[in-house]
Amino acid sequence: MQKTILALLIVMCTTLQVQELQQANKQFDKLSQDSPVGKFLMDLAQIHAEVQGPLDDLKETIEKFYENLQESISQLDGEFQSKQAIHLKVLQNYESNQQDAQIDIAQSQDQLDNVLSRNKENIEKRLKQIQQNINDNRSNIQRDKLQRNQQKDQNVEHIHEHQQATTSIDEALSLVQGLSSGNIAFVEAPMKKTLDYIKQKVNSKEEYAPLVDALISLSGTQDTKQIKELLNKLRNQIVDSMIQLTSDENDAQKMFDDRQKQLDSEFQEFQTQVNQATYDLASISARIDQEKEFTKQRQSDLDMYNSQIEMENNNFAAITGLYNEIRSVRLKELKIAEDAKNFAYSSQFRELLQSKLNK
């Protein structure tokens, strides 16, 4: 009975050892096949076993390899953090330039729309109004000249008519004088003809018109004294009227000359205003062109900054992707190295190596 139990225990122990050895083989194969790192470590373990090196040296080698992997991951993280800091600094600089360009463009556009363009419109309106004033000024000069010429022609004609009337009265006085002295015979027809001529030349509305009518009524009599008095009175009135016409003409001419001087002075002032407005328009137009060129340049700068930002982000995204990829691989290798290290410290590993040596 005891022998049977002992046999069973031996069988059970043997079975467990076989199972453990099989499990160790599976783990060894898994580590060898999962990655180049695992295969390297297991190959290293097998070579170490074949040359019958101390197991502690193998463990130390695996431990060192594990630590090197940890350091490489730390170094990778440090390099990435350094690149990230540089990226953020560069990006901050680009974004600052971008914001400055956006502000400049907005301010420049506001200056163009709400200041410079409005100023230009106001100057153009002012220039148009000044030009209209000049046209009105020239029209007034032409109109005043035309009216002055017409008025002057009328006054000259009236003065001429008064002169003719005076000459006719002098002729009538000569006839009356001849009649009163008996040098010539008084003839009714010449006197009436002369008086009719005077009446034609004298406006019927003038104050001496009744005298002409009275003279005509007296022309059929021989009251030479009364006729002479009336003729002299008429002559004096016509001469006074002629003098007044001449004075009025001189006054009208003076008013015209003064008015012309005023219009010419206004014209000169308008010309000065035109020159100033033209200069202001040229200045504001040049300023608008400069502002547009500045806006165009800043827009070009903004496009460049946007491209730089996009390129920087794309480059850093590629760096980040590569970093994550490398880190993922190294973490996987670290996990495999950790498994290999733990396996190397297990009793199954020692037995596995021993079994491989016995083959």
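This tour moves through a predicted model, one selection at a time.

**Colour by confidence**

Begin by colouring the protein by pLDDT, whose mean is 78, with 66% of the residues reaching 70 or more. Confidence is lowest in helix 1, residues 2–34, where the mean is 40, and highest in helix 6, residues 224–344, where the mean is 91. Select residues 1–21 next, over which pLDDT stays under 50 and for which the model has 5 contacts beyond four places in sequence. A further stretch to select is residues 183–189, where pLDDT again stays under 50 and the model has 11 contacts beyond four places in sequence.

**The nonpolar core**

Now select A165, I169, A172, L173, I227, L231, L234 and I238, the 8 residues that make up the largest nonpolar core. The elements that give two or more residues to this core are helix 3, residues 55–181, and helix 6.

**The aromatic rings**

Which residues do ring pairs link into a cluster? Select F80, F316 and Y323, which are the members of that cluster, and look at the rings from the side. The count of aromatic pairs comes to 2. In one of them, F80 and F316 are stacked, with 5.7 Å from centre to centre and 25° between the planes. Because F80 lies in helix 3 and F316 in helix 6, this pair ties together parts that are 236 residues apart in sequence. Both F80 and F316 are buried.

Keep F80 selected and turn to Y323, with which F80 forms a stacked pair at 3.9 Å centre to centre and 5° between the planes. Here too F80 lies in helix 3 while Y323 lies in helix 6, so the pair ties together parts that are 243 residues apart in sequence. F80 has a relative accessible area of 11%, and Y323, at 12% relative accessibility, also counts as buried.

Is L302 buried or exposed? Its relative accessibility is 9%, and L302 therefore counts as buried. Show the residues around L302 and, leaving aside its neighbours within four places in sequence, you will find it in contact with Q98, A101, Q102 and I105.

**A charge over a ring**

Finish by selecting R138 together with F267, where R138 lies over the face of the F267 ring, at 4.0 Å from the ring centre.

Conventions:
Residues numbered from 1 in each chain as written. Predicted model: local features only at pLDDT ≥ 70, side-chain atom pairs only at ≥ 80, totals over all residues. Heavy atoms only, no water. pLDDT = per-residue confidence, 0-100. Helix = DSSP H or I, 4+ residues; strand = E, 2+ residues; numbered from the N terminus. Contact = heavy atoms within 4.5 Å. Buried < 20%, exposed > 50% of the residue type's maximum accessible area, 1.4 Å probe, protein only. Core = buried A, V, L, I, M, F, W, Y, C linked by side-chain atoms within 4.5 Å. Phe/Tyr/Trp six-rings, centres within 6.5 Å; stacked < 30°, edge-to-face > 60°. Lys NZ or Arg CZ within 6 Å of the ring centre and 35° of its normal.
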